[in-house]
Amino acid sequence: MMNFEDELEELLKRTENIETPINTTPPNMSMDEYNNPSEIWMNDVQIFYNNYLKDVFISHANRDKEELVEDLYKSLNKLGIQIFYDKESIEWGDNWKDKIFNGVKKAEFAIIVISENFFGREWTEKELKELLSRQNRNGQKLILPIFKNITLEQLQQKYPSVADIQAIDSKKYSTDEIALMFAK
């Protein structure tokens with residue numbers, strides 16, 4: 001089985017031989033026959049997306065799973081959002097460090113549940129560093145911070161660059177409401 005980078009490269013290379021789909025019949029060929037290669041390619045792109053990419057990565061401390069993260073995952077899932085959630089994405093025998101790092105790399109967005117449990121943890125720090133780097137490098141709105149039982153002052157002390165990003169206080173909204181705000 002090909003890995004992510006190889007499969008992506010192969011998909012991109014195939015675009016060189018695909019004509020733009022048309023709505024009128026070309027000479028000496030049916031419209032379906034002409035459009036078929038691009039339809040096959042689009043189907044393969046959708047399969048690639050479903051296999052590799054996620055809409056959102058949920059970064060959190062394990063201690064916050066029961067109180068917030070598990071319900072947030074369920075709320076996002078109900079909306080049909082593709083989620084990298086360690087509990088569901090890492091299987092027996094997987095190298096969990098590789099899976100998490102790949103999840104961070106391949107997610108379009110990240111929800112970061114920041115609590116006192118989050119502060120100072122090796123992996124939450126690595127995830128946050130990578131996500132902030134991507135956000136700053138691409139200029140893309142990537143991160144949705146969610147405060148869990150912390151103040152803005154605590155966040156500013158620990159992560160000043162995150163404190164500048166509009167965040168949601170989990171005390172003020174249900175997980176369903178947070179999921180809907182994220183989906184906007």
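**Close-up views of a predicted model**

View 1. The model is predicted: local features need pLDDT of at least 70 and side-chain atom pairs count only at pLDDT 80 or more, while totals for chains, interfaces and linings use all residues. Residues are numbered from 1 along each chain as its sequence is written, and side-chain values use heavy atoms, with hydrogens and water left out. Lys65 belongs to helix 3; helices (H or I, at least four residues) and strands (E, at least two) are DSSP runs numbered from the N terminus. Its side chain makes a polar contact of 2.8 Å with the side chain of Asp86 and another, of 2.7 Å, with the side chain of His60. A polar contact is a pair of N or O atoms within 3.5 Å; within protein, one must be able to donate a hydrogen and the other to accept it, and residues adjacent in sequence count only if both atoms are side-chain atoms. Not counting residues up to four places away in sequence, Lys65 touches His60, Glu70, Tyr85, Asp86 and Lys87, where contact means heavy atoms within 4.5 Å.

View 2. His60 is placed in the loop between strand 1 (54-59) and helix 3 (65-78). Its relative accessibility is 7%, so His60 counts as buried. With neighbours within four places in sequence left aside, the contacts of His60 are Lys65, Val69, Tyr85, Asp86, Val113, Phe118, Thr124 and Glu127.

**View 3. Buried residues of helix 3.** The buried residues in helix 3 include Leu68, Val69, Leu72, Tyr73 and Leu76. Glu70 and Ser75 of this helix are buried as well. Gly80, which follows helix 3, has a positive phi near 80°.

**View 4. Aromatic pairs.** A search of the whole structure finds 6 aromatic pairs. Rings of Phe, Tyr and Trp (its six-membered ring) pair if their centres lie within 6.5 Å; planes under 30 degrees apart count as stacked, over 60 as edge-to-face and the rest as tilted. Phe57 and Phe84 form a stacked pair, 5.0 Å centre to centre with 15° between the planes. Phe57 lies in strand 1 and Phe84 in strand 2 (residues 83-84), so this pair ties together parts 27 residues apart in sequence. Both Phe57 and Phe84 are buried. Phe119 and Tyr159 form a tilted pair, with 5.8 Å between centres and 55° between planes. This pair links distant parts of the chain, 40 residues apart: Phe119 is in the loop between strand 3 (107-114) and helix 6 (122-138), and Tyr159 is in the loop between helix 7 (152-158) and helix 8 (160-163). Phe119 counts as buried because its relative accessibility is 18%; Tyr159 counts as buried at 7%. Phe118, Phe119 and Tyr159 make up one aromatic cluster.

View 5. The structure holds 1 cavity of 30 Å³ or more, and the largest cavity contains about 40 Å³ of space. On a 1 Å grid over the protein atoms alone, a cavity is a set of points where a 1.4 Å probe fits but cannot get out, and a pocket is an open set with protein on both sides within 12 Å along at least five of seven lines; lining residues have an atom within 4 Å of a point. Grid points are joined across faces, edges and corners, and a volume is the space filled by probe spheres set on the points. The lining of the largest cavity consists of Ile100, Phe101, Val104, Trp123, Lys126, Glu127 and Glu130.

**View 6. The largest pocket.** About 400 Å³ of space lies in the largest pocket. Of its 17 lining residues, Lys141, Ile143, Leu144, Met181 and Phe182 lie nearest the centre. Strand 3, strand 4 (143-147) and helix 9 (175-183) each supply at least two residues of this lining; the largest share, 3 residues, comes from helix 9.

Technical notes:
Buried < 20%, exposed > 50% of the residue type's maximum accessible area, 1.4 Å probe, protein only.
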